[in-house]
Amino acid sequence: MNRILYRLGAGAAAHPWRTISAWVAVLVVAFGLAGALGGTTHDDYDIPGARAQVGIEQLRAHVPDGGGATAQVVVHDPDGAALDPTDLTGLVQRLHGLDHASHVSEPRVSADGDTALVTVSYDVPVTDPDLVGANGYDPLVEAVAPLRADGLQAELGGELPGGAESELSGSGEIAGVIAALVLLVVSFGSVVAAGLPLAIALMGLAVGSAGVTLLTATMDVSTAAPTVATMVGLGVGIDYALLLVTRHVEFLGQGLDRREAAGRAMATAGRSVVFASATVLISLMGLRLGGLPVYSTFGYATALAVVAVLAAAITLVPALCGLAGDRLLPRRTRTGRGDRGAKTPLTARWAARVARRPVAAALAALTFLLLLAAPTLGMRTWPQDGSSNSPSTSVRRAYDLIAEEYGAGANGPFTIVVDTTRADAATVADLVADHAGIAGVTTPVTSPDGALGFFAAEPTTGPADERTSDLVTSLRDDLPAGVEVTGTTPLFADITGMLSGRLWLVVGFVVAVSVLLLAMMFRSVVVPVKAAVMNLLSIGASYGVLTAVFQWGWGGSVLGIDHAVAVSSWVPILNFAILFGLSMDYEVFLLSRIREEWLRTGDARGSVERGLASTGRVISSAAAIMVVVFLGFSTEADTVVKQLGFGMAAAIVLDATVVRLVLVPATMTLLGRWNWWLPAWLDRLLPTIQAERHESDDQIWDDFDQSDERTPAGV
């Protein structure tokens, strides 16, 4: 691979326009295919194995148009006057005329008469193309437009509007890109060098986005999957290009010509980038173990983005660097006015300071991370409902109106499905009505074939309330056989339980495979295990920060959260899989240089200092860029995206500071030569993968094989 990457880099630098033309052709073909063959994203909420899914399938089988999407329309007079029945009759008629509207309930008027609630049932699921996004939302807006024109407040809530209003504005992406460009200019001191990583990441991301569009034609892809793919692809794309450009500039500064500098940068940093991306892809594949189809699509879409930006980085970086030539160097260096005095980098001085008191530094960092992780023990998860939306959305205003006028439970009624061959629907309805936590039930309805009876039950608590999930469990335990408790809220309760149990399976798989890959890279048992533990610490601490900000409400107003909300059930597994891979990126970059110094000198402590000194700036810059990209997404109105962006930004900050600048140098100093211990029998079994390879490596290894310096005494 070393030879292949060297030739790839040198060839691209020698013939840059060929590479650029090829990428333009790839981009045109990708977008052409996406436009001609691509599909649309939509969420698949059919969850095999979920208890609520049983009731949904029963309704679909025995009730015409049953088991479809729903929407709520809330009409309110701001002056507190009683609503005109004529207005409500007209609203119901307009709603009956909507495509796929199979049933419209009679208006449920509040006790004071100033509010009415109407529920629309559809004959297709919310994932149907006719209802996705504006296709289903705009007709509802048109239906309530006459009421709004008359001065009434008309809000849209429930399942269908909730999905439509979760679409992103794109402002977060723009803000992240602008902030990343500023940081790149500061890091390189050259506008040309700063623009390269960003341009290359955007090119790769464009091809990856076209790939995701093509993916939607072959499978159901979640509406949030392209957002996650963009978030991760943009961050790692800039990081990979940044590492390669930085190494290229280093070689230019040593007097090499642009072709040789590009080849060597690819043969060294390029290997790190390839294997770092492999750890990200392995982590993403772990999402399949989440047990939900939606997680598989998150993994596939994000993997496409990562592969695309990787391909762009290892081909376009040498090509554009070859075109830019010496303009990549800072102006002071090009004009010969640079500071030629030997300065010890700040990261080297910091590493030396940590190495002088490694025990104290390690304990302080460990205590800090554990304190931050402590709130995780009280984390409560819930997928999402109207209460977690921004107050600027119609869904949130509808939720608040319903809770105020009818009670919080009216936002998430249950559907009780009764198999009439095994139980009597009227008897079951009486049992449910008398059950603690139930505000009321509707009159049971029998399916046309007589096989089912079903009715709605309204809890006294809101969907995200922990007591509501407990109520679902107790109803299932207390009701007779042949009765199913289903609906959106029970389904979300099932999803939450399933994901909580699956989290540890995902963690175990991702950690085990990543440790194995690192062991092959660095020929050590200690280094990969230590890296995994440190990554788990930083991710656990980010979970704690996420819990404190969103669930406890500490500083949530800064992110536009006006009240405490549960952590979305989708976030923990997604954040773990993505963050573990990204953290391993930095681990590979740093350990590659430390190992290089260790092989060259055999000085355990000095290799840590020199490795941190040579990578500290680029890792800090890469981390800072990724943080601003993720924080850009945390400005979006959608709470799930906000939590994803903020949680990943917090984890990267902790990983790049507390872990890389304190725990890594402290623990590696304490362990000394034991860092690189590998039993002889395991050394023979493991394939050899070198993250970065240099011309002198073979000789270096031969020298150390002659002595016994790379292996602790007695091992």
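**View 1. Strands E6 and E9 pair in the antiparallel sense.** Strand E6 (residues 414–419) is joined to E9 over 6 bridges. Two strands count as paired if DSSP finds at least two bridges between them. Helices (H or I, at least four residues) and strands (E, at least two) are DSSP runs numbered from the N terminus. Within this pairing, phenylalanine 414 has alanine 457 of E9 as its bridge partner. The model is predicted: local features need pLDDT of at least 70, side-chain atom pairs count only at pLDDT 80 or more, and totals for chains, interfaces and linings use all residues. Residues are numbered from 1 along each chain as its sequence is written, and side-chain values use heavy atoms, with hydrogens and water left out.

**View 2. Strand E9 also pairs with E7 and E8.** Strand E7 (residues 438–441) runs antiparallel to E9, with 3 bridges; here isoleucine 438 stands opposite proline 459. Strand E8 (residues 445–446) is antiparallel to E9 as well, with 2 bridges, and valine 445 is the bridge partner of phenylalanine 454. The hairpin of E8 and E9 has 5 residues between the strands, and glycine 450 takes a positive phi near 75 degrees there.

**View 3. Strand E9 is largely enclosed by the rest of the structure.** This is so because 7 of the 8 residues of E9 (residues 452–459) are buried. Buried means under 20% relative accessible area, exposed over 50%, and partly exposed in between (1.4 Å probe, protein chains only).

**View 4. Alanine 267 lies in helix H10 (residues 258–285).** Alanine 267 counts as buried because its relative accessibility is 7%.
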